[in-house]
Amino acid sequence: NFWGSWCPPCVEEMPMLSKLSQEYSTKNVIFVGIGIDSPSNVRDFLKKTPVPYQIVIGGIDGSNWSKRLGNSTGGLPFTVILSPEGESKITKLGKISEEEIKSILK
């Protein structure tokens with residue numbers, strides 16, 4: 001999930017992603033957040049809003065990663081769900097719902 005600390009929809013979906021990351025932790029599903037922001041902004045944000053899943057600091061280069069995965073506009077939030085083989089199963093620009101994630105993970 002590509003996100004920015006300055007992006008309200010990104011921050012709004014974080015509690016749901018946190019919940020699902022814990023729910024699926026025993027099912028070999030890994031949630032990763034890629035912060036599209038400066039390292040200091042990501043660290044400061046996570047001090048106030050910790051999450052149980054891995055966070056990678058993508059910085060400005062993180063936008064390029066998301067574009068390579070199908071996010072042609074570079075908008076946030078942007079979610080990619082990969083199969084165990086690394087194939088992209090779905091990409092979603094904008095907030096993703098709990099129901100969408102659960103449906104795909106089934």
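1. S83 sits in the loop between β4 and β5, where helices (H or I, at least four residues) and strands (E, at least two) are DSSP runs numbered from the N terminus. Is S83 buried or exposed? With a relative accessible area of 9%, S83 is buried, a label that means under 20% relative accessible area, while exposed means over 50% and partly exposed lies in between (1.4 Å probe, protein chains only). S83 and L105 are 22 residues apart in sequence, and their C-alpha atoms are 9.1 Å apart in space.

2. A word on the basis of this note: the model is predicted, so that local features need pLDDT of at least 70 and side-chain atom pairs count only at pLDDT 80 or more, whereas totals for chains, interfaces and linings use all residues. Residues are numbered from 1 along each chain as its sequence is written, and side-chain values use heavy atoms, with hydrogens and water left out.

3. Strand β4 covers residues 78-82 and is mostly covered, four of its five residues being buried. Strand β5, residues 88-93, runs antiparallel to β4, and five bridges join the two; strands are taken to pair if DSSP finds at least two bridges between them. Within this pairing, I81 stands opposite I90 in β5. As a general point, the side chains in a regular strand alternate between the two faces of the sheet. The hairpin of β4 and β5 has five residues between the strands, and in it G86 takes a positive phi near 90 degrees.

4. Seen as a whole, the chain contains four helices and five strands, and its elements run β-α-β-α-β-α-β-β-α from the N terminus on. The radius of gyration of the chain is 13 Å, close to the 13 Å that the globule rule gives for 106 residues, so the chain is as compact as a globular protein of that length; the radius is taken over C-alpha atoms, and the rule is 2.2 Å times the number of residues to the power 0.38. Taken along the principal axes, the C-alpha atoms fill a box of roughly 35 × 30 × 20 Å.

5. Buried residues make up 38% of the 106 residues in the chain. The chain exposes about 6200 Å², of which carbon and sulfur atoms supply 54%, with areas computed by the Shrake-Rupley method with a 1.4 Å probe and, for residues, only the protein chains shown counting as cover. Among contacts (heavy atoms within 4.5 Å) between residues at least 6 apart in sequence, 51% join residues at least 24 apart.

6. N28, although not a glycine, has a positive phi of about 60 degrees. N28 lies in the loop between α1 (8-23) and β2 (32-35) and counts as exposed, at 77% relative accessibility. A cis peptide bond, with omega about -10 degrees, joins L76 and P77, and P77 has its place in the loop between α3 and β4.

7. Which residues does C7 touch, not counting residues up to four places away in sequence? C7 touches L76 and P77, the pair joined by the cis peptide bond. C7 belongs to the loop between β1 and α1 and is buried, with a relative accessible area of 4%. C7 and T79 are 72 residues apart in sequence, and their C-alpha atoms are 14 Å apart in space.

8. S5 is also found in the loop between β1 (2-3) and α1, but S5 counts as partly exposed, at 22% relative accessibility. Residues up to four places away in sequence aside, S5 touches V11, D37, N41 and F45. The C-alpha atoms of S5 and G35 are separated by 7.5 Å, although these residues are 30 residues apart along the chain.

9. Finally, N71 is found in the loop between α3 (61-68) and β4, and N71 is buried, with a relative accessible area of 2%. Leaving aside residues up to four places away in sequence, N71 touches S66, F78 and L93.
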